[in-house]
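Q: Please take a close look at one part of this model and describe how its elements and side chains are arranged.
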Amino acid sequence: MTQDCCATPKTSLIPVETARTRILERVRPVSGTEYVPLAGALDRVLAVDVASPIDVPAFDNSAMDGYAVRHADLAAGTPLRVVGRALAGAPFDGHVGPGEAVRIMTGAPLPAGADTVVMQEQTRLEGETLFVEGEHRPAEHVRRAGEDLRRGTTVLPAGHRLGVADIGLLASVGVSEVPVRRRARVAFFSTGDELVPPGRPLAPGEIYDSNRQVLRAALQRLGVELHDLGILPDDRAATEQRLGEAAALADAVVTSGGVSVGEADYVKETVERLGELDLWRIRIKPGKPLAVGRIGSTLFFGLPGNPVSTLVTFMQFVRPALEKLSGTEPRPPLALEVPLAEPIDRHPGRQEYLRGRLERDAQGALRVRPNGAQGSHVMTSFRGADCFIVLPPEAAHVEAGARVRVEPFCGLP
Ligand code: AMP
Ligand code: MG
């Protein structure tokens, strides 16, 4: 089959959503559970439901600084006698009898006998005598035991990726170790004889290998186990050996470069020989060619080499695949409809992911602006960008003010 862009009709391009769905169908989550301390649990994926070992709150307590009282005493409007104090961590041991009140601080256990907390601002104290002002509901400012969570109920479900607040939630129920799936192992490398690692001088025709650094950073954000296999030369034997090694150690292999129609591209034929490979032409700009395959049970993603294409296709196709591989449900991108700040002219045909920047107009309304030159090699288009402007394949001229689809980056890049 020809890979020539111009000889093949546009209709043979695979829609972005179809490609993503087909990729996800191929992915099976890694198996294997390990226990990690809470301190190392951020971004890990829960292997099983975590139930609360306690009620939260564990006891009735005060939501305010004020006085614990018996609600029935308030109707009469007679002053109360303050008989003690209840602090967080230092409960009042006694019993609040009729006509009595206890000074109470936020988080302190509600003393026996009391059923309501009156906030300090609605009281006046003269010596030990408390005057309560205003109207009060029974059980006002009392947090009930088990109100947040009942003992035995699920705090967080299997498949949940632990975020910052989740760590707090687990700590609040006393969990110190968390059952998580093992991390997905992802090997990655760049391909191309022109590539030089940053830090070395460039000879004529050479360029710095930026994609591998981008892949590493993106993979770090996804919380997977990284295996950086360096730069693969444009050489058949080396490609075969290194790809074989990568497949043996990883659950997924991600490469950049060598999937277009250039002559010195050995990645495709090697994956085909060692396993199976589909070379897709996706209706996406930038990043039309994408190789998707497997070597044994290891997934393979061959991303196009142009740096913007590498990152865009990583975000659209590899990220959801690795989320599923890690045991969590890939989240569809957050999408907004936002007016365009300036017109766009383009060739219709592919769904385009322009790097954009959200801003406010003079009235404070949200709008979005393309972020500089948009070539697939122009990484500065990401500089200061915070979203993709996603234009449908058929879009040609898009007026300023037209509402366009915007996908905020949300963590990547
Ligand atoms: P390829 O897909 O291998 O034909 O590469 C397409 C373009 O991306 C060429 O201009 C390559 O030099 C460039 N490129 C490929 N790999 C990298 C990389 N790792 N870092 C920066 N540019 C790259
Ligand atoms: Mg190349």
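Which residue stands opposite Thr129 in S9?

A: In this predicted model, the residue opposite Thr129 of S9 is Arg81. The strands concerned are S5 (residues 80-86) and S9 (residues 129-132), which run antiparallel and are joined by two bridges. S9 also pairs with strand S8 (residues 123-126), again in the antiparallel sense, through four bridges. S8 and S9 form a hairpin in which two residues lie between the strands. Gly127, in the turn, has a positive phi of about 60 degrees.

Phe382 belongs to a cluster in which ring pairs link Tyr353, Phe382, Phe388 and Phe409. A search of the whole structure finds four aromatic pairs. One of them is the tilted pair of Phe382 and Phe409, with 5.9 Å centre to centre and 40 degrees between the planes. Phe382 lies in the loop between strand S25 (366-370) and strand S26 (387-391), and Phe409 in the segment after strand S28 (403-408), so this pair ties together parts that are 27 residues apart in sequence. Both Phe382 and Phe409 are buried.

Definitions and conventions:
Residues are numbered from 1 along each chain as its sequence is written. Chains are lettered from A and ligands numbered from 1 in the order in which they are written. This is a predicted model: local features need pLDDT of at least 70, side-chain atom pairs count only at pLDDT 80 or more; totals for chains, interfaces and linings use all residues. Side-chain values use heavy atoms; hydrogens and water are left out. Two strands pair if DSSP finds at least two bridges between them. Rings of Phe, Tyr and Trp (its six-membered ring) pair if their centres lie within 6.5 Å; planes under 30 degrees apart count as stacked, over 60 as edge-to-face and the rest as tilted. Buried means under 20% relative accessible area, exposed over 50%, partly exposed in between (1.4 Å probe, protein chains only).
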